[in-house]
Amino acid sequence: MAIVSDKLKKLLEGSGLEYQASSYYLRGTLKLAGGRTQMWFIDPKTDSVGDYEDHDILSPIADLGTHRAKVEKKAFRLLEFNGKRRLGHVCVMGGMALFKADCSVDVSPEAFRSVVEEVCRVADALENSLTEGDSF
Amino acid sequence: MSAENDKSEKTFKRRLEGRLRSLGLSWVEAGNYLKGELDTGEDRTQVFLVDTNIDQIGSYEDHDILSPICRVADLEERIKAVSVTLLELTGNQKVGHVAVVNGFLVYKADCRVDAPDDVFEVLLKTVCETADRLEKILSEGLDQH
């Protein structure tokens with residue numbers, strides 16, 4: 001089971017986000033407008049740069065196994081999308097297109113929740129536009 | 001823009017200028033950016049742009065640090081052919097991501113507004129070194145940015 005630091009535990013509890021821990025990730029689902037849902041994942045391993053610690057917050061957009069052609073067709077547009085984003089970016093990891101943002105552990109629970117919600121909203125909109133589905 | 005916002009943006013810009021100065025870097029103002037060059041070794045340099053505008057999501061605040069890899073128009077077909085690979089590279093990096101900004105392919109990272117100086121330095125160097133490495137690969141050794 002994933003080991004969760006005290007700082008991250010406090011952020012999750014304070015933000016009111018319900019989650020389950022698996023071997024590598026913490027996972028939850030947010031309900032969005034229009035009856036849609038969106039999964040989020042948090043890597044419990046901390047990334048450190050100097051004294052600065054953050055966590056990756058991820059939300060899936062499309063499985064390349066199923067939607068590779070669609071992602072390839074739009075990949076350049078997704079790089080342009082990355083350039084316009086104020087927070088987070090599209091990337092591909094483990095055969096999955098994801099929206100991902102880094103969030104420091106030294107933020108308030110409200111700010112942490114804002115980032116998770118924003119990641120889910122953006123990933124869901126991209127999923128809807130790319131695959132016309134709601135698999136995640 | 002309120003007087004308070006204007007004051008806080010000026011304060012933030014001065015803080016960024018102080019950070020660049022303490023790293024021994026010079027810069028010019030280019031719109032909302034502070035633009036300069038970093039030595040990336042092996043006689044190569046890399047342009048950096050530090051955004052003085054603060055991005056805000058809820059109460060989370062950061063700003064962009066970016067470095068140009070190449071002009072999209074110069075290598076458009078090559079970039080389009082490797083766009084998924086660039087997204088994969090982005091997924092594998094601990095810091096930053098590839099993006100297209102104003103007709104340039106860039107490497108870009110978000111730096112929290114209250115990040116300490118050493119973090120700003122690491123992010124700036126990582127962005128420049130990664131952009132330079134990608135420029136070298138995509139443009140077959142040229143060092144235009």
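Student: What should I know about the model before we start?
Tutor: It is predicted: local features need pLDDT of at least 70, side-chain atom pairs count only at pLDDT 80 or more, and totals for chains, interfaces and linings use all residues. Residues are numbered from 1 along each chain as its sequence is written, while chains are lettered from A and ligands numbered from 1 in the order in which they are written.

Student: What makes up chain A, by helices and strands?
Tutor: Helices (H or I, at least four residues) and strands (E, at least two) are DSSP runs, numbered from the N terminus. Chain A has three helices and seven strands. From the N terminus their order is α-β-β-β-β-β-α-β-β-α.

Student: Why is chain A called as compact as a globular protein of its length?
Tutor: The radius of gyration is taken over C-alpha atoms, and the globule rule is 2.2 Å times the number of residues to the power 0.38. For 136 residues the rule gives 14 Å. Chain A has 15 Å, close to that, so the description holds. Along the principal axes, its C-alpha trace spans about 40 × 35 × 25 Å.

Student: How do you know that chain B agrees with a compact globule?
Tutor: A compact globule of 145 residues would have a radius of gyration near 15 Å. Chain B has 16 Å, which agrees. Its C-alpha atoms fill a box of roughly 45 × 35 × 25 Å along the principal axes. Chain B holds four helices and seven strands, in the order α-β-β-β-β-β-α-α-β-β-α.

Student: Why is A:Gly83 called buried?
Tutor: A residue is buried if 20 or more other C-beta atoms lie within 10 Å of its own, exposed if 12 or fewer, and partly exposed in between; C-beta atoms are placed from the backbone. A:Gly83 has 20, so it counts as buried. It is found in helix 2 (residues 64–84) of chain A. Buried residues are 43% of the 136 in chain A and 40% of the 145 in chain B.

Student: What does A:Gly83 touch beyond its sequence neighbours?
Tutor: Contact means that two C-beta atoms, placed from the backbone, lie within 7 Å. Leaving out residues up to four places away in sequence, A:Gly83 touches B:Ala99, B:Val100 and B:Val101.

Student: How many residues are in contact between the two chains?
Tutor: On chain B, 29 residues are in contact with 30 residues of chain A. Helix 3 of chain B gives the largest share of its side, seven residues. By class, that side has 16 nonpolar, six polar and seven charged residues. Here Ala, Val, Leu, Ile, Met, Phe, Trp, Tyr, Cys and Pro count as nonpolar, Asp, Glu, Lys and Arg as charged, and the others, Gly among them, as polar.

Student: Which residues have the most contacts inside the largest nonpolar core?
Tutor: A nonpolar core is a set of buried Ala, Val, Leu, Ile, Met, Phe, Trp, Tyr and Cys residues joined through C-beta atoms within 7 Å. The largest has 72 residues, and those with the most contacts inside it are A:Val119, B:Leu123 and B:Val127. Beyond four places in sequence, the contacts of A:Val119 include A:Trp40, A:Ile57 and A:Phe99.

Student: Why are helix 1 and helix 3 of chain A called roughly perpendicular?
Tutor: Axes are lines fitted to C-alpha atoms, for helices over the stretch in contact, and angles run from 0 to 180 degrees between N-to-C directions. Under 35 degrees counts as roughly parallel, over 145 as roughly antiparallel, 65 to 115 as roughly perpendicular and the rest as oblique. Helix 1 (residues 6–15) and helix 3 (residues 109–131) of chain A cross at roughly 80°, their axes coming within 8 Å. So the pair is roughly perpendicular. A:Leu11, A:Gly14 and A:Ser15 in helix 1 meet A:Pro109, A:Phe112 and A:Arg113 in helix 3. Three of the contact residues are nonpolar, two polar and one charged.

Student: What makes the phi of A:Glu132 worth noting?
Tutor: Most residues other than glycine have a negative phi. A:Glu132 is not a glycine, yet its phi is positive, about 55°. It lies in the segment after helix 3 of chain A. With 8 other C-beta atoms within 10 Å, A:Glu132 is exposed.

Student: Is B:Asn102 buried or exposed?
Tutor: Exposed, because B:Asn102 has 10 other C-beta atoms within 10 Å. Its phi is also positive, about 50°, although it is not a glycine. B:Asn102 sits in the loop between strand 6 and strand 7 of chain B.
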